[in-house]
Amino acid sequence: MCGIVGYIGPKNCVPILIEGLKRLEYRGYDSAGIALIYNDSSEVIKTKGKVDELEKMISNKNLIANLGIGHTRWATHGEPSMINAHPHFNKEKNLFLIHNGIIENYSTLKKILEKEGYKFISETDTEVLVNLIDRYLKRKNNLSTAIRYALNEVEGTYGIAVIYKNEPDKIVVARKGSPLVLGIGEKENFVASDVNALITYTSQVVYLEDDEIAEVYSNRFVAKNISDKEIIKEIHEVDIAIDEISKGGYAHYMLKEIMEQPESIFNSMRGRLLIDEGTAKLGGLHGFEDRIANSERIIISACGTSWHAGLVGEYMLEQYTGIPVEVEYASEFRYRHPIINSNDTLIFISQSGETADTLAALREAKRKGALCLGICNVVGSSIARESDAGVYIHAGPEIGVASTKAFTSQLVVLSLITLLIARKKQLSIIDGKRLINEIQKLPEYAKKILELNKDIGKIADKYFNATNFLYLGRGYNFPVALEGALKLKEISYIHAEGYPAAEMKHGPIALIDDNMPVVFIATKDAVYDKVISNIEEVKARKGKIIAVASEDDNQIGKLVDHVIKIPKTVDMLTPILSVIPLQLIAYHIAVKKGLNVDQPRNLAKSVTVE
Ligand code: F6R
């Protein structure tokens, strides 16, 4: 999704903007641009394509400026092109705007402006907004006031940064629905849509909330609400090291993040297990434990991979706590008429904590008075801040667009919540301790699976030319099948379907022939025998079978073409391990196809538009 960065201070902002934009590349984008104001002059440079391209264009110009904004665009209105790229500007080219989000009533506003003589050169909603601000600037003669008036007329979502040649001492930013953060430096300040763009320069940040506008000067900032009332903002310290957001010697972020899982899984449980009491301690849920345990129902809502984590959570919570659980796509939940009672608990899962649909679902549930918990990775993200309580997964920054380590950490946290609530209900201390014992072994088990990386790469080599894949699993491994298929399709562009293994005979079995690779997740769990029957059905139709199996399974090798053996753990924790080979299969196939693994086409890391 789009990225915003801005700088004001004594340094030349050009390299700062370029570095910031590079740090935002992982979010997914199709064009990039910067606007600079210096002395009495200004400059806008934009291009379709990558930030490297932009950097080349800038390097010929020897530009030096102390005030500038930069943007990576992920097309929503109008194709990726130089003209549609941000920053957008007014006719006089003295007012520059970058924008994340969508102005929903842009065509109405455009017609009004056109009647007043405004002309448009791009197809974007953003160009409408900059001209709307221009219209008020001509009447009010003050940038912040003009922005406030313009935003009052806007329907939709925005994170914006604006600079104006006649007020070169500030950047004005505003937020509604799209994240924005200020970076506080020594006699210099930064703005960004994501702290990753700032952390080379400062660890002090201020999170803007919806309907807030801030004037950012080089030595101070002033934040106001939409009614122009000043508000005091807290400065937060962010704890992200630069090497956490670099590739650390790996060819791709995705591989680095897959390989980091022994550590990220450990970080998700660190300090959270009360071994003697056979339970978990989750500071973020403190005071809410009884209310959760007494819930009549738990609803988990999320999107994509986080939704798959929610499905595993459903199996975990229902098995161990006896509380009925429903899992909802946030995009559906937010617009239907969900029946939410005050004694329901809702859990919103989001790596980024900024996914527009999940955030809207959270707000809808809060409005209805239910207890809303967040499970997020990004500290200080909107979902984390707006939830009543919650748990960070502590997986560390996830840069690769395809989610990997966040998924396994989400599952670790869901297992800890399950343990905590189950111990409040029927789970005995002995069983609690048994679970803890298995949870503690997960990092070591993950390490063992990752040692199979080369072997898994060889299996992937055999199938990278396939055009379709089926992923099948049952019970706890059904969501893993969905996740394996999603990983493959998003980075290798191979069509893949995940199904509950037994559903295969209700349709997908028609697809099976000797060209069809079928990945079975067939660990020795409660439904193992049933899955073996499904494997037989595929074998009878000559499908090519890759099985993820338990290490003590000496039989399955006779039935399938390839086996990937993983350590045996309790059923509830199996998905945390069984997904790892599937992440590696997807990774190796995409690499073999020569694709951009970390920034797959059309995808964005943080989906901040609905
Ligand atoms: C898939 C993937 C997406 C995200 C989804 C939700 O690899 O990354 O499906 O899981 O966009 O994102 P978050 O978890 O940030 O809410």
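Predicted model: local features only at pLDDT ≥ 70, side-chain atom pairs only at ≥ 80, totals over all residues.
Trainee: Let's start with strand E4. Why is E4 called largely enclosed by the rest of the structure?

Mentor: Count its residues: seven of the seven in E4, residues 67–73, are buried, so the strand is largely enclosed. Buried means under 20% relative accessible area.

Trainee: And what makes both faces of E4 count as covered?

Mentor: Look at the two sides in turn. Leu67, Ile69, His71 and Arg73 are on one side, Gly68, Gly70 and Thr72 are on the other, and all of them are buried.

Trainee: Which way does E1 pair with E4, parallel or antiparallel?

Mentor: Strand E1, residues 3–8, runs antiparallel to E4, and the two share six bridges. Two strands pair if there are at least two bridges between them, so six bridges in this case meet the rule. To find the spot in the model, go to Tyr7, which stands opposite Gly68 in E4.

Trainee: How do you know that E2 pairs with E4 as well?

Mentor: By the bridges again: strand E2, residues 31–38, has seven of them with E4, in the antiparallel sense. One place to look is Ala32, whose bridge partner in E4 is Thr72.

Trainee: What holds paired strands together in general?

Mentor: Strands of a sheet pair through backbone hydrogen bonds, either parallel or antiparallel.

Trainee: There's also an open sheet here. What is the order of its strands?

Mentor: The order is E5-E6-E7-E8-E12-E13-E14, seven strands with antiparallel pairing.

Trainee: Why are E5 and E14 called edge strands?

Mentor: Each of them pairs on one side only. For E14, residues 230–231, a partner is strand E13, residues 221–225, and the two are antiparallel. They share two bridges, and at least two is what pairing asks for, so the count just meets the cut-off. In that pairing, Ala223 has Ile231 of E14 as its bridge partner.

Trainee: On to cysteines. How many disulfides does the model have?

Mentor: The count is zero. Take Cys303: the nearest cysteine sulfur belongs to Cys376 and is 12 Å away. A disulfide needs the two sulfur atoms within 2.5 Å, so Cys303 is in none.

Trainee: Is Cys303 called buried, partly exposed or exposed, and why?

Mentor: Cys303 has a relative accessible area of 24%. Buried is under 20% and exposed is over 50%, so Cys303 falls in between and is called partly exposed. Cys13, by contrast, is at 0%, so that residue counts as buried.

Trainee: What makes Lys93 stand out?

Mentor: Its phi is near 55°, a positive value in a residue other than glycine. Lys93 sits in the loop between E5 and strand E6, residues 95–100. Its relative accessibility is 39%, so Lys93 counts as partly exposed.

Trainee: How do you know that the bond from His86 to Pro87 is cis?

Mentor: Check omega, which is near 0° for that peptide bond. Pro87 is in the loop between E4 and strand E5, residues 88–89.

Trainee: Now the pockets. What lines the largest pocket?

Mentor: Its lining has 42 residues, and Ile240, Asn377, Val378, Val379 and Pro397 lie nearest the centre. By class, twelve are nonpolar, 13 polar and 17 charged. The space comes to about 950 Å³.

Trainee: Which domains supply the lining of the largest pocket?

Mentor: Domain 1 (3–240) and domain 2 (248–449) each give at least three residues. Helix H7 has the largest share, three residues.

Trainee: What about the second largest pocket, which helix gives the most to its lining?

Mentor: That would be H9, with three residues. The second largest pocket has a volume of about 490 Å³, and the 26 lining residues include Gly304 and Lys605. Domain 2 (248–449) and domain 3 (452–605) each provide at least three residues. By class, the lining has twelve nonpolar, ten polar and four charged residues.

Terms used. Residues numbered from 1 in each chain as written. Heavy atoms only, no water. Buried < 20%, exposed > 50% of the residue type's maximum accessible area, 1.4 Å probe, protein only. Helix = DSSP H or I, 4+ residues; strand = E, 2+ residues; numbered from the N terminus. 1 Å grid on protein atoms, 1.4 Å probe; cavity = no way out; pocket = protein on both sides within 12 Å on 5 of 7 lines; lining within 4 Å. Points joined across faces, edges and corners; volume = space filled by probe spheres on them. Nonpolar A, V, L, I, M, F, W, Y, C, P; charged D, E, K, R; others polar. Domains from an automatic or database assignment.
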